[in-house]
Every structure is written in structure tokens, then in C-alpha cells.
Amino acid sequence: MMRTLIDRPTSDNLVWGTRQQSLSPRFRARVAVIESLIARWTSPTQTAIDVSGGAGRWLPTLAPRFRQFWHMDFSRAALVAAKAENPSLTHVQYGFLDLMTGQSEPEKLASYDVLFCLDTLLYDGKFIETALTNFQSLMGPDSVAIIEFPSKLRWKISRAIKGTRYRGPSRAFSQTELMELLKQHGYECLELAFQYSELPPAIHRTLSRLKLTRVAPLPSTWAYVVIRPNPVIPRAK
């Protein structure tokens, strides 16, 4: 059963994550990390869902790697943009999903082998906790989720330097806080990887090949986790 939360952090008309925004070197570095995780933890025969895909900048990275793919978002305007910008991805289905209430169109969603949530778990309040709880209604016992969180040390440095000009995430997590959050919501962490804004995509691919993505020698920008439901761990109420 999905958990309900009333306050929403974004507008249902927001169009974010367009293809144009996927051209920067920083975004391509994030793609390199995600591609390495997909290669290690998923299969092309599986089904996958992006629960907050926006206007589809992640679609060309994610969708071609799965047999069937569902691209969901709370913003119907973003869904229209995503579909218009990706006409070649004919195996993608688009639909409305409110992560906070569980309301969706189509009304009944299945369990998926792989769940993605990117560019999303960064809002204040109980949004993150509610989303983590609701993910499990879309996952089976053997499903995995690949999701990202802002890293706390980098977050603190950016806020201190930029002051009132800071426009970054409302919340961020240290590695210890992140592992505790996932445990509280009934997940087992299978892998942790970091992305650094200062390092180019090629370096991230090298770190992935050498299995060094978990090492954080400098303040990372994003932390990526591969998780699965753990029936042994009690979920947060």
C-alpha cells in the first residue's frame, strides 16, 4: 500500500530535464556512473520504470537497455515533452505518477524488475521518506532500484560559498545518513557509487571499470545506490 503525503514540492506543470540539458559534461559524467550500474545489476530482458522522468533527458540512457520501459512523471506537460523528443523509443510507455499519493494513470501499475529515480530525491519535508516507502509497491522481491541522492559534504561547501545565491537541493546526506535512511525504509544496499562534478566522463568510466566508484577521495556531488527490498528489515512507519 502506498503512503500518502499532502504537500507537494513541485508544480504539476513543471517541465524539467529536457534533452538540451543532457548535453553538458557534468551530465555525461552522471550518465557514465549510471551506465556502469545498469551493466552490473540489470539485464536487457528485464522491465524497468523511471518514476520521475521529467521531460526525458535520461530516456536515451535508460530505455534502450530494457525489453520494456515505463516513463512516469507528476507533470503531464513534462510527459508530453518527453514523448515528443524521443519518437524512436517505440517500446516506451508514458504515464502519470504521483510519488506522494500513489495515484497513477494507468490506474494499476505492475511490479518492475528495475526502478529508477533520478534528479528527484532532494526536497525538504517528508518527500524523500514518502517516496522510498512508495517505491516498494512497484517492486517485487527480486527487483532493484537505482536512485541518486545529493552528497552532504559537497552540499555544505556549495551553500557556504554561494550563500543566498545557492539554488541546489534542499536536503543532502552523508554516507552514514544515507545507509541509515535506506535501512529504516526496508532496503538492502547492494552498491554505492559517487559522481564528481570536477571529473570528466572518461574518468568515471575508468573508476567504474576498476570498481573504485565507492571510493570518495574528494567531495562528491551525487551518491548513487543500488538497493532492493529486504524482508528481514522492518520498514519505517
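Me: How far does the charged end of R76 sit from the centre of the ring of F96?
Reply: In this predicted model, the ring in question belongs to F96, and the charged end of R76 sits over it. The distance from the ring centre is 4.3 Å.

Me: Which strands are the edge strands of the sheet?
Reply: The sheet is open and has eight strands, with mixed pairing. Their order is β4-β3-β2-β1-β5-β6-β8-β7. An edge strand here pairs on one side only, which applies to β4 (104–105) and β7 (187–195).

Me: At about what angle does helix α4 run to β6?
Reply: Helix α4 covers residues 127–135 and lies across β5, β6 and β7. Its angle to β6 is about 155 degrees.

Me: Which strand does helix α1 run at about 145 degrees to?
Reply: Helix α1 (residues 25–41) lies across β5 (112–117), β6, β7 and β8 (222–229). The angle of about 145 degrees refers to β7.

Me: What is the angle between the planes of Y123 and F127?
Reply: The count of aromatic pairs comes to seven. Y123 and F127 form an aromatic pair, 5.2 Å centre to centre. The pair is edge-to-face, with an angle between the planes of 85 degrees.

Me: Why does F127 count as buried?
Reply: Buried means under 20% relative accessible area. F127 falls in that class because its relative accessibility is 6%.

Me: How many residues apart are F149 and F173?
Reply: F149 and F173 form an edge-to-face aromatic pair, 5.6 Å centre to centre with 85 degrees between the planes. F149 is in strand β6 (residues 139–150), while F173 is in the loop between α5 (152–162) and α6 (175–184). The pair thus links distant parts of the chain, and the separation is 24 residues.

Me: Is F173 buried or exposed?
Reply: F173 falls in the class that F149 also belongs to. For both residues that class is buried.

Me: Which residues form one aromatic cluster with F66?
Reply: The cluster is made up of F66 and two further residues.

Me: How many contacts does the stretch of residues 1–6 have beyond near neighbours in sequence?
Reply: The protein chain averages a pLDDT of 85, and 86% of the residues score at least 70. Over residues 1–6, the pLDDT is below 50. Beyond near neighbours in sequence, the number of contacts of this stretch in the model is 19.

How values were computed: Residues numbered from 1 in each chain as written. Predicted model: local features only at pLDDT ≥ 70, side-chain atom pairs only at ≥ 80, totals over all residues. Heavy atoms only, no water. Phe/Tyr/Trp six-rings, centres within 6.5 Å; stacked < 30°, edge-to-face > 60°. Buried < 20%, exposed > 50% of the residue type's maximum accessible area, 1.4 Å probe, protein only. Helix = DSSP H or I, 4+ residues; strand = E, 2+ residues; numbered from the N terminus. Lys NZ or Arg CZ within 6 Å of the ring centre and 35° of its normal. Pairing = 2+ DSSP bridges. Contact = heavy atoms within 4.5 Å. Axes fitted to C-alpha atoms, helices over the stretch in contact; angles between N-to-C directions. pLDDT = per-residue confidence, 0-100.
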